[in-house]
Amino acid sequence: MSQKPLVLSDIRSRAGAFVAQWRDAEGYERGEAQSFVRDLLQVFGITRSTAAVYEKRAQRASTGHRGYIDALISGTALIEMKSAGEDLAKAESQALDYIESLTVHERPDYVITSDFRAFRLLDLTAEGGDGVIEFGLEDLPAHVEDLMFLAGYRRAKFGSADQEAASIKAAQLMAKLYEHLEATGYDDHQASIFLIRTLFCLYADDAGLWERDLFSRYIEERTSEDGSDLGSQLATLYQALNKPEDKRYGRDDDLIQAFPYVNGSVFGEAVEIPYFDRAARDLLLQAAYFNWSSISPAIFGSLFQAVKDKKARRALGEHYTTETNILKLIRPLFLDELEEQFTKAYAKKRELEKLLEHLGSLTFLDPACGCGNFLIIAYRELRALELRIHERLQQLDPSRAQLSLDAGDRVHVKLSQFYGIELEEWPATIARTAMFLVEHQANQAVNLTLGYAVPMLPLQDSARITVGNALRTNWTDVLTPGRDVTVMGNPPFLGHATRTPEQAQELRDVWQRQDIGRLDYVTGWYKKAIDFFGPEAGRFAFVSTNSIAQGEPVPALFGPIFDAGWRIRFAHRTFAWSSEAPGAAAVHCTIVGFDREKKPTPRLFSYETVKGEPVEVSARAVNGYLVDGPNVLVEQVRAPLSSQLPPASMGSMPRDGGHLIIGPDDYHVVMADPVAAKYVRRFVMGKELIHDLPRWCLWMEDLDPADVKRSQVLRERLADVKTFREASSAASTRAMAATAHLFGQRSQPADEYLGIPKIFSESRFWVTAARLPPEVIAGDKVYKCEDPDGLAFAAISSSMFITWQKTVGGRIKSDPAFSNTLTWNSFPLPTLSEKQKEKVIGGGQAVLEARALHPERSLAQHYTPLAMDPALLKAHRVLDTAVDRAFGAQRLCSSIQERQQILFQRYADLAGNKQS
């Protein structure tokens, strides 16, 4: 028969019997200590000698002398007994002295000392050093909750450093087991099944799913020390766990029969027997001595997923998705709202019961579920909320605790409400198993809090994880859409430049168009989500690279979403997200959640730094750029929307193989040729413009053909240009071979002009643009425009423009990428009065004058974020004040958000493109 989990009331009753048995004992350490400890552990369901090691030899760190630990439960507790009346604090110090000699897997989280009359409990995992409790023998029944870790219960502090460390250790143990199986040539699929089954048994051994240390006892008693029969014995056990006790072979085997029936969801598939040796058996025993009840299924799942990759195994524990990041999505998507409903219904029994029913009606789909992190955390948080509701209902109606209703029927949040789609079988299997583990932890919390046990075995329920390509799978085959369905997850981080041809085709098929432009791979999940819901209400949210809210892709992605009637419910603006893949760099991400509701008002989270904490700001509406402002989508336009701004165009492109360009090493050679020297001009790309780097070119629009004959430098270089162009695969470039002396594409102004680098640093507060004389040749990494009065320089040097650029423009890595059609032509500069124009131009001139105070400095040096000259900062404030007021602000704007709101309103007005 399956072992019924011990409930709090049972343990309290046993504790009372223990007190009655021992209250009159003499309390003699040597004569009675072991019996006292055995009886104490039996209160918490530990009945076998294998669960605790008695009189374990150990070395004292302070003296080096050897002694004995009265009792040790590996990875859980060390118990030290003293005779009645002795100092327990001193006994505790002695116990701590022994710990250093224990292996890392034997080291306990708790130290219990007793003199038969009182107990002292030290929690070694407690933060701040405040982990000591003392109580008398008579008070044991009132303190059993403090000792419930002996029964495999843990009041886990989710996301704590201790839980993370335990999960990392656990994954490292499993990685060693996998390395052994891999080395023996064991089939990878079967190795996956074997590891999952072993994980389940290791966890069950410590977490109260069956009698404590039953699995480790089985290994120790039923397998030879050389490991030769370990594989066959485990196969026998795993076969038995798939059958009810009364249908097993060898029903007279008491040890096999002590294991409860689990069922086929974990132990059903037949696999071959793996090969083991002595070292592998020792590895498994090491794992058995570790306390598996202390792991986080979410963290461990991420790490467990990595054990099959050699590089990942070396970095195990360095990278996994933190629970904090997952909560950034699920809280504003649904959890905060449910907790608010609980608060409102706190004193209303009927409303609380309705909320329980509502929790049971919700379903969740993660269509990129990996090892199930989002599903695990969502399930855990919903079970925790459900428990709080039950606890409150018992407070309102104490008779509720006496209901004869089966404990399992009281649970409304079921594993069957959680669905996933995962490309690979291994993480999908981990996800299903991790959901079992988190369900057990939730059931234990019910036991501790409400005093009734939810049966765990045999497994009745499981999360529905489908193995398949989410972009090729019809989601409605997995789950029926509806108002109570929530879709969420963290699809692959792949930019448009890194997707494979197959992934590009998947995007074309999902979006049903051939031109997918710069759409990231993750956008396929957004399109699948709106197709999945169709006309139905619901909610969905994804973690995405922040490029989805920048530049060209914004209209392509958000246009169809908004057209389908969805609005942004919440958004986290750019922050750093560490992916689950070991070795992966932190990615700059956003989280965007959608619904079709009118309330509540949208929530917007911003970050001062990408690794900082989110700060929630109020928002009336959030648009596709994740800004509180009109729901407009900025499209590329051919000419400036503002009639007062001149058009900008790209500089000249050499297409010369480098032969018309002169670097510092070649400069003196070229200048030594007086004929060639006539045609040398300063040449700037973006880097040269910003850093004032030396570079030149041969600019020969007015070339005298006779000069080619007179100059060896010109002859050689033009011949090389001709050869380069003739070898090109592009017909247009081959045609240019006839004019080898000219840049391939030319657009050099005849007068002074404004030079704008195509790329500039994300860290700078203003655009690093400059006015250039016509003899300086602008290359194709520089945009240029005519600027006779200085208005264009003033506009692009303002905080309004850099805000617009960083909000709607594209990026190269994290650096803003200037675009004439997207950011300059769309810049919504209002029509300026003569007075406004005069002030704006004057502000720009003040900036130039402040720069001129230090002519030796490059633009990069002028605009070093933490070292700008006070005069230049003051000049920019003057300019910003003039521009901000021209845009309609009453004063100098105080924040990026304020400028963004103004900019989008001006854009809506100017473009006639209000969509809200």
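**Reading the calls in this model**

Analyst: Let's start with helix H18: strand E10 (485–489), helix H17 (501–511), strand E11 (539–545), helix H19 (553–563) and strand E13 (587–595) are among the things that cover its buried residues. You're looking at a predicted model, where local features need pLDDT of at least 70 and side-chain atom pairs count only at pLDDT 80 or more, while totals for chains, interfaces and linings use all residues. Residues are numbered from 1 along each chain as its sequence is written, and side-chain values use heavy atoms, with hydrogens and water left out.

User: Why is H18 called largely enclosed?

Analyst: Buried means under 20% relative accessible area, exposed means over 50%, and partly exposed is in between (1.4 Å probe, protein chains only). In H18 (residues 523–533), 10 of the 11 residues are buried, so the rest of the structure largely encloses it. Those buried residues include Trp525, Tyr526, Phe532 and Phe533.

User: Is valine 266 buried or exposed, and how do you know?

Analyst: Valine 266 has 7% relative accessibility, so it counts as buried. It sits in helix H9 (residues 264–267). With contact meaning heavy atoms within 4.5 Å, valine 266 touches Arg197, Phe200, Phe436 and Leu459, leaving out residues up to four places away in sequence.

User: And what is aspartate 229 called, and why?

Analyst: Aspartate 229 has a relative accessible area of 22%, so it goes down as partly exposed. You'll find it in the loop between helix H6 (214–222) and helix H7 (230–240). Neighbours within four places aside, aspartate 229 is in contact with Arg222, Thr223 and Ser224.

User: What makes E17 and E19 a pair?

Analyst: Two strands pair if DSSP finds at least two bridges between them. E17 and strand E19 (residues 696–698) have two bridges, in the antiparallel sense. Isoleucine 662 stands opposite tryptophan 696 in E19.

User: Why do E17 and E22 stand at the edges?

Analyst: Their open sheet has four strands in the order E17-E19-E18-E22, with mixed pairing. Strand E17 (661–662) and strand E22 (777–778) each have a single partner strand, so one side of each lacks a neighbour in the sheet.

User: What about the whole chain: how many residues does it have, and what share is buried?

Analyst: There are 916 residues, and 56% count as buried. The C-alpha trace spans about 115 × 65 × 55 Å along its principal axes.
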